[in-house]
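Below is a short report on one structure, written for a reader who is new to the subject. Please keep the sequence and the 3D view open while reading.

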Amino acid sequence: MSRNVAIIDYGVGNLLSVARAVTAAGGSPFLACSPDEVAKADRLLLPGVGAFGHCIDTLTARGLVEPILSFAAGGRPFLGICVGMQILFDESTEFGLHRGLGLIAGRVERIPAEGRDGRYYKIPYVGWNPLLRPTGRESWRGTVLEDTREGSWAYFTHSYVAVPVNDADCLAEGDYFGHRRATAVVHENLSACQFHPEKSGPAGLAILSRFLSL
Amino acid sequence: MPRTRLIARMDIKGPNLIKGINLEGLRKIGDPREFAQRYYEQGVDELIYIDIVASLYGRNSLTDIVRHTAEHVFVPLIVGGGVRSVRDAEDLLNAGADKVAINTAAIASPKLIQAIARQFGSQCMVLSIEAKQITPGKWEAYTDNGRERTGLDVVNWARQAIDLGAGEILLTSVDREGTRKGFDVALTHAVSSVVPVPVIASGGMGSVEHMAQVVNEGLADAVAIADMLHYSRIELPDIRSAAVSLGLEVRKP
């Protein structure tokens, strides 16, 4: 099976970090900037940092939205990271309302700063948080988290979080001051994580490695 | 809430990891890449490299160290020292940094904060503050490793930088740095209680109790550890277990 991974290069995010981690996980990454390279990829990885609107606008301006949609429809493995997860959803409320790719039903909202305990917490959320298995999901078998131990730690840095409409799309959750939110999703051939596997130590590399063998 | 991050801070001069007291009287310790690797294997949450001569001599020798580290170490990497422009930041990010820490150039031109936050996102823009106490409850921001005064009040400067887009603050107490006498808890509290972004307390950690104090009383979101780790006074796993027994929420890798 090919271990080539096309990392979408649209000038957003630290692509080299992602590429190095994919290499360390045993893959062969290359940067894909043209619609053609995206469409032809065996596996596609969509990173992203910064603002949702900026990411989606940049993808649109570079003519990459259609190729991503057709790749997604083609059934090959796809992994979104951070804002690359968020833009799979219908819309986001970050800096006004922005439409996403609409590949997974749901919207992206600000992390609630008010905890269950009534205290206010700092946003952006920066740091490590354990990956929790949603109650409705029996196991992580057959997903990017197959080799991941429940409660494994991952590194996050974000202010917004995706809220899937369908519980079945939720692969992992995290605790945000007493509120449970999705931290990874899976929908057919699409996998995505809010955390940064490329910055989550050996546990993160194991997730990338599993993506390479999906 | 996110667990208190344990961050190894490595000050760099040329190819060497160095350590001083009050950011002066520097001693050579070793090859920073080897230390970074060891800390990664011991489960450090994040790493900081600060090129401590870059802003004096107008150069940045860090790139090679950053590149090597980023190929082997898969936790976030904050890099600072001599970042003067969006281009400098981009070079460090391209070498493998995840966040850039800026002090001198941000004070000289606060717009740089905005430019970097716009281009790479706020999560990438760490404001580095070198603080010296003037009177109890008052601190002044310094540049060039605590040598140059700026006249800026630390708390006001932190607020202004957050408005411009800084996403995190690396707050170094020049008074405590390298002394092992404990963090400046009042300084950390003064900043962390008024800014909405995470604050990394830096300077003075001599024991795990110091860490508990700056987290519980100073509201630090992360602690930078240098001296204690570099001289192997205590290893990271021991810091973690001691932190847990003191009731701190830390990652358990």
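## The model and its numbering

This is a predicted model, in which local features need pLDDT of at least 70 and side-chain atom pairs count only at pLDDT 80 or more, while totals for chains, interfaces and linings use all residues. Residues are numbered from 1 along each chain as its sequence is written, and chains are lettered from A and ligands numbered from 1 in the order in which they are written.

Helices (H or I, at least four residues) and strands (E, at least two) are DSSP runs, numbered from the N terminus. A residue is buried if 20 or more other C-beta atoms lie within 10 Å of its own, exposed if 12 or fewer, and partly exposed in between, with C-beta atoms placed from the backbone. Two residues are in contact if their C-beta atoms, placed from the backbone, lie within 7 Å.

## The open sheet of chain A

Chain A has an open sheet of seven strands with mixed pairing, in the order β2-β1-β3-β4-β13-β12-β11. The edges are held by β2 (28–32) and β11 (170–176) of chain A; each has a single partner strand, so one side of each has no neighbour in the sheet. From one strand to the next, the twist averages 25°; angles run from 0 to 180 degrees between N-to-C directions, and axes are lines fitted to C-alpha atoms, for helices over the stretch in contact.

Two strands pair if DSSP finds at least two bridges between them. Strand β1 (residues 4–8) of chain A pairs with β2(A) in the parallel sense over five bridges, and A:A32 in β2(A) is the bridge partner of A:I8. At β11(A), the pairing with strand β12 (residues 179–187) of chain A is antiparallel, over six bridges. There A:E173 stands opposite A:A182 in β12(A). The two strands β11(A) and β12(A) form a hairpin with two residues between them, and A:F177 in the turn has a positive phi of about 55°. Because six of its seven residues are buried, β11(A) is largely enclosed by the rest of the structure.

## Single residues of chain A

A:L46 lies in strand β3 (residues 44–46) of chain A. Is A:L46 buried or exposed? A:L46 is buried, because 31 other C-beta atoms lie within 10 Å. Leaving aside neighbours within four places in sequence, A:L46 is in contact with A:I8, A:G80 and A:G84. A:L46 and A:L79 are 33 residues apart in sequence, with 6.2 Å from C-alpha to C-alpha.

A:C82 sits in the loop between β4 (78–81) and α5 (83–86) of chain A. Its phi is near 60°, a positive value in a residue other than glycine. A:C82 is buried, with 28 other C-beta atoms within 10 Å. In the loop between β7 (104–110) and β8 of chain A is A:P124; the peptide bond from A:I123 to A:P124 is cis, with omega near 10°.

## Where the chains touch

How many residues does the contact take from chain A and from chain B? The contact takes 26 residues from chain A and 25 residues from chain B. On the side of chain A that touches chain B, α1 (15–24), β8 (125–130), β9 (153–158) and α6 (201–212) of chain A each supply at least two residues. The residues of this side of chain A divide into 14 nonpolar, eight polar and four charged. Ala, Val, Leu, Ile, Met, Phe, Trp, Tyr, Cys and Pro count as nonpolar, Asp, Glu, Lys and Arg as charged, and the others, Gly among them, as polar.

## Helices of chain B

In helix α1 (residues 32–41) of chain B, the buried residues are B:P32, B:R33, B:A36 and B:Y39. They are on the same side of α1(B), because they cover an arc of only 125° around the axis; the arc is that of the directions from the helix axis to the C-beta atoms. Just after α1(B), B:G43 takes a positive phi of about 85°.

The axes of helix α3 (residues 63–72) and helix α4 (residues 86–95) of chain B come within 8 Å and cross at roughly 35°. B:T63, B:V66, B:R67 and B:A70 of α3(B) make the contact with B:D91, B:L92 and B:A95 of α4(B).
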